[in-house]
Amino acid sequence: MQGNTDHDLAARLAASFPTSETIPAEFRPNPTSYEKLYLQDGVVREWPGPYTEVSSPICLREGETIKRQIIGHVPSMDEEAAMAGLHAAVRAWDNGRGEWPTMSVAGRIAAVEKFTEKMIAVRDEVVRLLMWEIGKSLDDSRKEFDRTVDYIRLTVEALKEMDRNNSRFSIDSGVIAQVRRSPLGVCLSMGPFNYPLNETYTTLIPAIIMGNTVVVKPPKFGTLSHQPILQAFADSFPPGVVNYIYGSGAKIIGPIMQSGLIDALAFIGSSRAAKVLKHQHPRPHRLRSILGLDAKNPALVMPDADLEVAVRECVTGALSFNGQRCTGLKLLFVHETIVDTFLEKLSAAVNALPIGMPWDKGVKLTPLPEFNKPGAMQAYVQDAIGGGARIVNAGGGTACGTLFFPAIVYPVSPKAQLYSVEQFGPVIPVCSYRDERDFLEFVAESNYGQQVSVFGRDPEKIAKLVDPLANQVSRININAQCQRGPDTLPFTGRKDSAEGTLSISDALRCFSIRSLVAAQSTQQSRDIIQQIVAGRHSSFLHTDFIL
Ligand code: G3H
């Protein structure tokens with residue numbers, strides 16, 4: 001019976017891929033206008049050298065076969081070309097004397113606002129590329145773009161506020177001073193494939209607006225979605241402020257880090273890769289790292305939890321964008337007295353999720369971009385089954401091409417990989433517990449410390465968990481999934497999950513350092529300062545109030 005169900009589901013998954021005729025006209029891929037482009041030194045050019053094919057997880061059905069198709073090409077740079085991008089950023093920084101790092105805050109804000117308008121003009125193209133490149137649903141692709149634009153606008157407001165607060169002098173112990181935040185220098189910005197635009201920009205934009213110059217390496221999947229925006233950078237910022245490099249990280253990033261010319265590393269990816277990058281820098285004390293890394297966020301479902309809420313939030317938490325979120329729920333601890341009921345409700349909710357192509361109305365589960373991701377998911381499931389678990393939901397774990405129907409796996413033993421490894425995909429590992437201390441122990445032993453979710457109704461019990469958990473993770477979600485937003489809240493993690501804190505205002509701090517001008521409050525110094533301010537001779541030393 002189960003065999004038939006799986007067979008039917010596999011056939012349904014196969015049928016949900018389009019043929020070349022059934023792709024809706026408005027969503028057909030059309031990246032040809034951005035073929036092999038790169039931005040360096042203020043100019044967008046076509047790359048003449050070797051290139052990489054970009055293949056889409058949206059497979060095409062041709063008779064019985066289902067195949068990924070090539071939707072574009074991006075440069076594959078060698079070390080020399082990547083270093084040229086770095087040197088363009090170094091020239092634009094010019095030891096802090098460049099046009100951009102010495103520009104007034106108002107001037108930098110005006111440039112970012114100009115950029116934002118130009119970026120918005122290519123929204124539809126970027127959204128379409130997000131769907132084709134990483135399989136993100138139309139709704140979520142639009143959200144990613146719009147959230148990024150909101151983030152930029154809020155960043156501008158936060159910088160205005162920061163600048164207003166700094167547009168004054170203080171006099172203390174006979175010392176007159178003005179404190180502002182200054183850029184760090186040259187920044188390397190690398191984002192992840194799951195939010196190729198949003199997560200890259202949540203470091204890129206604060207870095208730029210604070211006066212740094214940047215080298216961007218887009219993620220392996222999600223590169224094309226950056227391409228329509230390159231011209232907006234070229235049109236809005238002085239040459240060399242933003243430069244894009246492409247290619248194998250192993251080949252081009254090593255030399256860049258080893259050059260010692262990077263002052264800030266903004267990297268969202270694995271802790272393993274972050275460790276390599278940091279160690280490559282010859283002068284570690286001159287490198288500031290802002291890192292968003294792996295996580296294994298667990299949920300605790302207590303016996304008195306509202307199961308409707310817990311199931312709804314666990315499904316969203318574990319399966320939004322097919323579980324490919326660093327904030328995703330990656331292991332559920334459910335009290336032994338309610339685990340059977342919980343699993344029944346969870347299975348029903350998971351099996352009701354629509355699976356299909358990103359443009360299908362209401363779709364929740366979509367193709368996976370990473371090569372052989374369904375195979376990797378199946379291997380995790382088999383490993384857990386070897387340790388005594390089973391797949392709870394009908395059809396769970398069925399794969400076809402790049403589609404993988406989510407598997408709820410229970411009971412996952414502490415020896416199974418799914419207990420400790422971040423699966424980053426549509427598998428929901430569940431285990432039962434008797435005593436909340438098991439959950440606290442898991443959190444304490446884990447290599448990661450980003451967030452947890454706690455489901456229950458008893459305020460005293462929840463409070464007893466909050467206190468120790470607050471010393472192990474960076475966000476405790478009560479009766480809610482784990483998540484990053486709203487972007488005004490601090491987003492960080494402990495242990496191998498993060499370094500530095502991001503939020504609209506924290507990111508401005510991450511990419512800057514406080515600098516101050518100070519003088520003895522003598523008549524002579526006061527006169528000098530007065531004249532600098534009155535004559536508007538400095539971008540740093542002034543009392544302008546940005547409205
Ligand atoms: O993958 C990590 C993202 O920052 C998660 O953001 O919780 O808003 O999906 P999100």
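α14 passes α15 in a right-handed crossing. The model is predicted, so keep its confidence colouring to hand while you select. **Stop one: α14 and α15**

Select residues 436-445 for α14 and residues 459-469 for α15. The two axes come within 11 Å and cross at roughly 20°. Angles under 35 degrees count as roughly parallel, and α14 and α15 are therefore roughly parallel to each other.

Next show the side chains at the contact. On the α14 side, pick Glu 436, Phe 439, Leu 440 and Val 443; these meet Lys 461, Leu 465, Pro 468 and Leu 469 of α15. Sorted by class, this contact has six nonpolar and two charged residues, and no polar ones.

**Stop two: α10 and α11**

Move to residues 307-319, which form α10, and residues 339-351, which form α11. Here the axes come within 10 Å and cross at roughly 50°, which makes α10 oblique to α11. The crossing of α10 past α11 is right-handed.

For the contact, select Leu 307, Glu 308, Ala 310, Val 311, Cys 314, Val 315 and Leu 319 in α10, then Thr 341, Phe 342, Lys 345, Leu 346, Ala 349 and Val 350 in α11. The class count is 10 nonpolar, one polar and two charged residues.

**Stop three: α2**

Select residues 79-93. This is α2, with 15 residues and a reach of 21 Å from its first C-alpha to its last, close to the 21 Å expected at 1.5 Å a residue.

Colour the buried positions of α2: Ala 81, Ala 82, Met 83, Gly 85, Leu 86, Ala 88, Ala 89, Ala 92 and Trp 93. Then step to Asp 94, which follows α2 and has a positive phi, near 50°.

**Stop four: α6**

Finish with residues 198-209, the helix α6. α6 has 12 residues, and the distance from its first C-alpha to its last is 16 Å, close to the 16 Å expected at 1.5 Å a residue.

α6 is mostly covered, with 12 of its 12 residues buried. Among them are Asn 198, Glu 199 and Thr 200, as well as Leu 204, Ile 205, Pro 206, Ile 208 and Ile 209. After α6 comes Gly 211, where phi is positive, near 105°.

Note on methods
Residues are numbered from 1 along each chain as its sequence is written. This is a predicted model: local features need pLDDT of at least 70, side-chain atom pairs count only at pLDDT 80 or more; totals for chains, interfaces and linings use all residues. Side-chain values use heavy atoms; hydrogens and water are left out. Axes are lines fitted to C-alpha atoms, for helices over the stretch in contact, and angles run from 0 to 180 degrees between N-to-C directions. Helices (H or I, at least four residues) and strands (E, at least two) are DSSP runs, numbered from the N terminus. Angles under 35 degrees count as roughly parallel, over 145 as roughly antiparallel, 65 to 115 as roughly perpendicular and the rest as oblique. A crossing is left-handed if the near helix is turned anticlockwise from the far one by less than a right angle, and right-handed if clockwise. Contact means heavy atoms within 4.5 Å. Ala, Val, Leu, Ile, Met, Phe, Trp, Tyr, Cys and Pro count as nonpolar, Asp, Glu, Lys and Arg as charged, and the others, Gly among them, as polar. The expected span of a helix is 1.5 Å times one less than its number of residues. Buried means under 20% relative accessible area, exposed over 50%, partly exposed in between (1.4 Å probe, protein chains only).
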